[in-house]
Amino acid sequence: MTNKKALTFAIMDAPFENARSTTALRLIDIAARRGYDINVFAYEGAVGIPFSKQQPHANAVHGHSAEEEDHPLPHTWVASLMKVAKDHGGSIDWVNCGLCVDERGVGEAIDGVRRGTPGDLWKFAETSDNTLVIPTK
């Protein structure tokens with residue numbers, strides 16, 4: 001029997017829109033560094049967080065090239081979180097709601113993200129020590 005903690009996060013907000021998405025990723029990072037097994041269920045706009053086709057861009061207003069702008073991309077954060085979890089003895093099982101993916105046309109997610117249904121959130125919650133839902137406003 002193991003005493004390893006399992007946590008579930010349900011997130012809803014799209015990348016770049018507000019601090020709730022960033023806060024969720026920061027909380028996931030803390031759990032990953034503690035070696036927890038982490039479940040993430042992304043629905044609504046949050047399915048865009050691990051979208052693999054995000055690209056850095058220049059900022060003409062500031063006169064910066066894409067390299068100078070060094071614009072952060074949420075999909076790279078998710079990939080990094082998965083590595084951090086693994087390096088600390090944990091894991092991240094990230095599930096994007098398939099209905100939400102289809103509605104938004106963001107089917108191309110990074111490696112390690114899988115398509116699922118709201119039933120996955122139910123299963124995650126049943127098997128986790130705790131579940132945090134970060135809803136949209």
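A residue is called buried when its relative accessible area is under 20%, exposed when it is over 50%, and partly exposed in between, as judged with a 1.4 Å probe on protein chains only. The model is predicted, so that local features need pLDDT of at least 70 and side-chain atom pairs count only at pLDDT 80 or more, while totals for chains, interfaces and linings use all residues. Residues are numbered from 1 along each chain as its sequence is written, and side-chain values use heavy atoms, with hydrogens and water left out.

Side chains of opposite charge can pair when their charged atoms come close. A salt bridge is counted here when a side-chain nitrogen of Lys or Arg lies within 4 Å of a carboxyl oxygen of Asp or Glu, and a search of the whole structure finds 10 of them.

One of these salt bridges joins the side chains of Asp13 and Arg20, at 2.5 Å from N to O. Asp13 is buried, with 8% relative accessible area, whereas Arg20 is partly exposed at 28%.

Another links Arg33 with Asp29 at 3.0 Å, N to O. These two residues stand four residues apart in helix H1 (residues 19-33), which means that about one helical turn separates them; helices (H or I, at least four residues) and strands (E, at least two) are DSSP runs, numbered from the N terminus. Arg33 is partly exposed at 47%, and Asp29 is partly exposed at 21%.

Asp102 and Arg115 also meet in a salt bridge, at 2.7 Å from N to O. Because Asp102 lies in helix H4 (residues 98-104) and Arg115 in strand S4 (residues 113-116), this pair ties together parts that are 13 residues apart in sequence.
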